[in-house]
Amino acid sequence: MALISADNRGLRLATRYAVLGLIAVIFVFPLVFMVMSSLKPDQQLLQDSGNLRAFLPVGDISLDNYTAAFQRAPVATFVFNSVLVTGVTVLLSLLICSAAGFAFVFVNWKGRGVLLSILLATLILPFETIAIPMLLMVAHLPWIGTEGITWGWLNSYHVQIIPFVADGLTVFLFVQYFKDLPGELIEAARVEGASWGQIYRRIVMPLSGPILATAAILKFLVMYNQYLWPLMVTQEEGYRPVMVGLQYFFQLNVAWGEVMAYLSMITVPVLAFYLYLQKAFIASIASTGVKG
Amino acid sequence: MASKFTVSNRTGWLMAGPAVLLIAGFVILPFFLAIGFSFTNQRLVSPNPTEFTGLANYRQLLGVTTLTLDPVRDEAGAVVMKDGEPEYPSLRSLTRNNPDRPDLAGMREWFSFSTGGDSRTYVLARDVVFMKAIVNTFIFVLVVAPVQAGLALGLALLINQRLRGINVFRAIYFMPVVVSIVVVSLLWRLIYDGQSGLLNNLLGTISFGLIPPVDWLGNPSTALGSIIAMSIWQAVGFHMVIWLSGLQTISPTLYEAAAIEGASKWQVFRYITWPGLRNTAVLILIVITMQAFGLFAQIDVMTNGGPLDSTQTIVFQAIERGYGKQDISGGSAISVILFVIVLSISLIQRWLTREKS
């Protein structure tokens, strides 16, 4: 290494970028392929996958696949359902989990130590191990709606929302964040006679921007990409989210162009959102690792 | 800060209550229900009342036994050969309605091997598909955990250099993490396609046609491997970011000291970087292992457990039974088995990576 002279520096730099670029191609090519294929008729799509044209918008380019996808399945309904379920869950989760984190860190009450350890213990329970009994459970739960009391939660929005509002990880993230806030501030406010509600709203929440973003992004990714649970609990198409809606594109002959159009429609907005906020996305994933 | 001003039982319960209740109701309760159902014959919908059946579900799932058979001999005592191989008595005569061997009733051959001499040992399982699911899941975890963690570390080291535009590369490597695994699985189905798949075309082109096309997902010997490769592609960026945050906690003064001492790159990694990543490594290993045991969506979208059960997994079996066949008790028993496996492995990992004092 000591022999490397100034002349070699340019070459070394170029090699570095070449390696980084090659790896970038590996990560990005399926996504480019998806978007480009969505613009092509099926026959051309399959022909093009034999060469580099697969990654270029060339040939018979149109939005026909998108129109066809809308005709094949109630795409708008699926998107609406996903946005509704994801949005409501994220908001409720921020509210309920931040309140819990607040109570665990700032308020002294009987049972908080034990309860916090129990909540943390739930982190080792993979969702897959509770999905089946939960299916039976929600099939028998009561619900009070516009039709009075009904039994069974299957085929509804709340069956997709309520089980995911609170989780150990989100509470844990708030607890970790609140622990680093100056506790004296809260105590001083108490001495001044501020109520707990005021402290939560006026002092703690305004300081919690980063953790709210982190918790919201993590919840968003989990909820929007849900598959197993909505697959089991929504038999009626009116309540199905986008990922379950994919099944409509696999009846008999697979029309790959339409599949790619549908995949692009449900993926590209998320990718755009990610690229716009990528620092926050990456910071939120990173924060799950710190002090873990 | 346990001053009298911060004591309030009412506020504590009021604010933590909703989260505690929801987690109790939708995480802890279903977990105990799973344990409870696994000892019954509970179904999603059934006209008959549920009965307690003890360990029947577990016996059905995990029943394994061995059986050593001598080859069939003719009257002269010579081994009967068939297609160049010794012929063995039919297993069916033993496992179907054989009054002498009630313990073997309903069992099927899982695999067999010869045990010296002419005899052959058969391993019989009550549920061969579930056995295959367990083996496949372990293969998946044992490959994915080290490979994904290692590749993620490599990427993190690569990204952790001071270079103009490095954030662009970081953002690109992370991109697949944001995309749903269902979408990714569908995309890769077309990439892996046996006829016009991108992968076959690429391999054909770079080998000038020497590598024949492979039906990656339709071939029992390549299907699981293909799913492993794709899963790593999708998730490696996630763990890269966690490694990266670990790397950034290492004090720069250590690296400066190493540079002054003239340490080689490998020495720097071995004596500064790696010890500094210790806690991160433990966390990543446990997280990847837990995620890998949950393998389901890829299977459901790409192979449905096939071909020839070569991609059956524990969770896929749990869902197929609990949801597909509405056999809640069988699905619950599988869930409990999975939980016991995950718990034991994370305890073992913790023990192996404990701080040695």
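These legends walk through views of chain B in a predicted model.

Numbering runs from 1 along each chain as its sequence is written, with chains lettered from A and ligands numbered from 1 in written order. Because this is a predicted model, local features need pLDDT of at least 70 and side-chain atom pairs count only at pLDDT 80 or more, while totals for chains, interfaces and linings use all residues.

**View 1. The fold of chain B.** Chain B has 14 helices and 5 strands (DSSP runs numbered from the N terminus: helices are H or I of at least four residues, strands E of at least two). Its radius of gyration, 27 Å, is well over the 21 Å that the globule rule gives for 357 residues, so chain B is more spread out than a compact globule (taken over C-alpha atoms; the rule is 2.2 Å times the number of residues to the power 0.38). The C-alpha atoms fill a box of roughly 85 × 70 × 45 Å along the principal axes.

**View 2. The two domains of chain B.** Here you can find domain 1 (65-125) and domain 2 (129-352), with bounds from an automatic or database domain assignment. Their C-alpha centres lie 40 Å apart.

**View 3. Where chain B meets chain A.** In chain B, 79 residues are in contact with 78 residues of chain A (C-beta atoms, placed from the backbone, within 7 Å). Elements giving two or more residues to this side of chain B include α5 (166-178), α8 (223-247) and α14 (328-352), but α1(B) gives the most, with 19 residues.

Methods
Two residues are in contact if their C-beta atoms, placed from the backbone, lie within 7 Å.
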